[in-house]
Amino acid sequence: MDAPARLQYLADLPARLAAAVGAGELIEATRPPEVLGITRALEPADVWVGADRLPAPIPRVVLDIDPPIDARALCQAWGIARPVAVSSDVHQRRWQIFVAGEDLPDPYQRRIATRTFASGRWDIHLHLATRPSGDLPGEVAGASPAYDVLERGGEIRRIEVSPSARRSKVVRADHADARALLDAMAGLNPAWPPGCEARPDADFVVIYDGEKPAAGAEIGDDGQGTFTASRLCVSPDPHAGDAASALLDLLEAVALERGGDRLCLDGSAFLQSSHVPYLRHGYVVAPPYAGDADDSVWAERDIRWKSG
């Protein structure tokens with residue numbers, strides 16, 4: 001087995017993920033060469049919408065690495081300045097690598113904040129084969145000791161990739177957050193037809209950037225497995241980040257949870273101007289759109305991901 005090639009493949013993983021948007025690109029970005037001893041599985045995942053858990057339109061990718069790879073070398077290749085090994089298991093049998101953050105107030109010991117390593121719109125979870133070696137460290141994260149990976153080393157046996165979480169809700173279209181998005185889009189798009197509003201009693205999905213609504217759309221179905229999203233709203237705020245992609249994920253999750261097989265985006269001129277990366281999510285443009293921004297745009301796709 002070519003150990004340098006294994007390390008190089010994994011070292012390049014964040015860059016490949018940074019360029020990936022939809023499920024298809026995620027699957028391609030995580031496809032390992034057969035000769036490297038890395039086995040990939042695509043597993044069902046969930047997304048949280050308010051207090052509800054819905055089926056995710058994007059699979060969770062699991063890379064099992066046999067034999068495990070050196071944790072210190074991979075963290076250095078990824079440019080993680082302060083990787084720490086922390087356990088979320090009360091019995092401390094499972095250990096994961098996080099990025100160390102700032103010190104937190106604690107009168108008894110040194111406590112630090114941690115965050116998951118992320119690239120693009122994906123969270124990357126690094127799982128160690130065993131507990132880090134040596135004496136207990138002098139700092140903690142949550143209820144767990146926090147071992148300095150660059151100092152203690154270790155071996156990574158599994159890598160999991162999933163979409164970064166965003167706060168989201170399903171509300172009625174007359175909700176203040178939905179209304180704020182619709183009003184903002186009307187102000188930004190002169191082509192928005194007068195009186196073109198969501199039905200007040202319609203379901204409206206909302207993606208948040210912190211506490212601020214960043215994207216949303218009305219969603220409904222025909223009762224035969226096809227759902228339609230209309231009044232697509234995406235904030236032009238650059239701090240909204242990947243809100244457009246997260247909006248498509250949420251629309252698909254709602255449709256899947258309600259028994260849908262296809263999602264149709266009815267965006268008219270707004271789909272062309274709102275930076276929704278629907279083509280990279282696997283949607284195709286359907287008639288009657290013929291390149292005229294005044295015609296309706298129907299972008300459709302089968303929303304059930306396939307492992308192929």
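## Helix H7

Helix H7 has 15 residues, and the distance from its first C-alpha to its last is 21 Å. That is close to the 21 Å expected at 1.5 Å a residue, where the expected span is 1.5 Å times one less than the number of residues. Helices (H or I, at least four residues) and strands (E, at least two) are DSSP runs, numbered from the N terminus. H7 covers residues 243-257. Of its 15 residues, 14 are buried, so H7 is largely enclosed by the rest of the structure. Buried means under 20% relative accessible area, exposed means over 50%, and partly exposed lies in between (1.4 Å probe, protein chains only). Just after H7, Gly259 takes a positive phi of about 90°.

## Basis of the values

This is a predicted model, in which local features need pLDDT of at least 70 and side-chain atom pairs count only at pLDDT 80 or more, while totals for chains, interfaces and linings use all residues. Residues are numbered from 1 along each chain as its sequence is written, and side-chain values use heavy atoms, with hydrogens and water left out.

## Pocket and cavity

Rolling a probe the size of a water molecule over the atoms shows where empty space is left. The search uses a 1 Å grid over the protein atoms alone: a cavity is a set of points where a 1.4 Å probe fits but cannot get out, and a pocket is an open set with protein on both sides within 12 Å along at least five of seven lines. Lining residues have an atom within 4 Å of a point. Grid points are joined across faces, edges and corners, and a volume is the space filled by probe spheres set on the points.

The largest pocket has a volume of about 480 Å³. Its lining holds 23 residues, of which Asp46, Val47, Pro163, Ser164 and Ala165 are the closest to its centre. Strand S2 (46-49), S13 and H7 are the elements that give two or more residues to this lining. H7 gives the most, with four residues. By class, the pocket lining has 12 nonpolar, three polar and eight charged residues. Here Ala, Val, Leu, Ile, Met, Phe, Trp, Tyr, Cys and Pro count as nonpolar, Asp, Glu, Lys and Arg as charged, and the others, Gly among them, as polar.

The structure holds one cavity of 30 Å³ or more. The largest cavity has a volume of about 30 Å³ and is lined by Gly22, Ala23, Pro57, Ile58, Asp249, Glu252, His281 and Arg301. By class, that lining has three nonpolar, two polar and three charged residues.

## Salt bridges

Side chains of opposite charge can pair when their charged atoms come close. A salt bridge is a side-chain nitrogen of Lys or Arg within 4 Å of a carboxyl oxygen of Asp or Glu. The structure holds 20 salt bridges. One of them joins the side chains of Glu25 and Arg280 (3.0 Å, N to O). Glu25 lies in helix H3 (residues 23-29) and Arg280 in the loop between helix H8 (268-273) and strand S19 (284-286), so the pair ties together parts that are 255 residues apart in sequence. Glu25 is partly exposed at 24% relative accessible area, and Arg280 is partly exposed at 40%.

Asp242 and Arg166 meet in a salt bridge at 2.8 Å, N to O. This pair links distant parts of the chain, 76 residues apart: Asp242 is in the loop between strand S17 (226-234) and H7, and Arg166 is in the loop between strand S13 (155-163) and strand S14 (168-172). Asp242 is partly exposed, with a relative accessible area of 25%. Another salt bridge pairs Arg152 with Glu151, with the closest N and O atoms 3.7 Å apart. Glu151 is exposed, at 55% relative accessibility. Arg82, Asp103, Arg110 and Glu139 are linked in a network of salt bridges.

## Cysteines

How many disulfides does the structure hold? There are zero disulfides, a disulfide being a pair of cysteine sulfur atoms within 2.5 Å. Cys233 is buried, at 0% relative accessibility, and Cys264 is buried at 2%.

Gly154 lies in the loop between helix H5 (149-152) and S13 and is partly exposed, at 32% relative accessibility. Gly154 and Thr130 are 24 residues apart in sequence and 7.5 Å apart in space, C-alpha to C-alpha.

Arg172 is found in strand S14; at 45% relative accessibility, Arg172 counts as partly exposed. Between Arg172 and Val205 the C-alpha to C-alpha separation is 8.3 Å in space, and the two are 33 residues apart in sequence.
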